[in-house]
Amino acid sequence: VQLQAYGGGLVQAGGSLRLSCVASGSAFGINVRGWYRQAPGKQRELVAQITSGSTNYADSVKGRFTISIDRAKNTVYLQMNSLKPEDTANYYCTVQRYNVEYWGQGTQVTVSS
């Protein structure tokens, strides 16, 4: 499974961005999809995760971020609204397929105050 993430950029506080992550190769059997982020000097943290029928969000993004899937396009999205400077980080998408985890390259999100 190869993952390609895009959609990051520079945005002012209060703005919105939508990240996309396209899975190529064999997507059959993927049962978990998620987004993590890592800011400079900080540990990587889970932002949002979606499994069959359920979603999970970090407390810091609840009510602002929404994770969704387009299965026909093998794409997972992260809609980010009301962005804050503390959301600035490199965002990574990940999937699990038969208990194997795959990671995409990061896409940088920078929120200016």
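Visitor: Which pattern does the protein follow when read along the sequence?
Guide: This is a predicted model, in which local features need pLDDT of at least 70 and side-chain atom pairs count only at pLDDT 80 or more, while totals for chains, interfaces and linings use all residues. Residues are numbered from 1 along each chain as its sequence is written, and side-chain values use heavy atoms, with hydrogens and water left out. The protein has 0 helices and 11 strands (DSSP runs numbered from the N terminus: H or I of at least four residues for helices, E of at least two for strands). The order is therefore β-β-β-β-β-β-β-β-β-β-β.

Visitor: What is the radius of gyration of the protein?
Guide: The globule rule (2.2 Å times the number of residues to the power 0.38, with the radius taken over C-alpha atoms) gives 13 Å for 113 residues. The protein comes close to that value, so it is as compact as a globular protein of its length. Its radius of gyration is 13 Å.

Visitor: How many residues does the largest nonpolar core have?
Guide: A nonpolar core is a set of buried Ala, Val, Leu, Ile, Met, Phe, Trp, Tyr and Cys residues joined through side-chain atoms within 4.5 Å; buried means under 20% relative accessible area, with a 1.4 Å probe and protein chains only. W35, V47, F65, I67, L78, M80 and Y91 have the most contacts inside the largest one, whose residue count is 29.

Visitor: Which strands each supply at least two residues of this core?
Guide: V47, a core residue, touches W35, F65, L78 and Y91, among others, with neighbours up to four places away not counted (contact: heavy atoms within 4.5 Å). The strands supplying at least two core residues each are β1, β3, β4, β5, β7, β8, β9 and β11.

Visitor: Is D87 buried or exposed?
Guide: D87 lies in the loop between β8 and β9. Beyond four places in sequence, D87 is in contact with R37, R64, F65, S82, V109 and V111. With a relative accessible area of 1%, D87 is buried.

Visitor: Which elements give two or more residues to the lining of the largest cavity?
Guide: A cavity is a set of points on a 1 Å grid over the protein atoms alone where a 1.4 Å probe fits but cannot get out, and lining residues have an atom within 4 Å of a point. The largest cavity is lined by L3, C21, A23, R33, N74, T75, V76 and V95. The elements giving two or more of these are β3 and β8.

How values were computed
Buried < 20%, exposed > 50% of the residue type's maximum accessible area, 1.4 Å probe, protein only. 1 Å grid on protein atoms, 1.4 Å probe; cavity = no way out; pocket = protein on both sides within 12 Å on 5 of 7 lines; lining within 4 Å.
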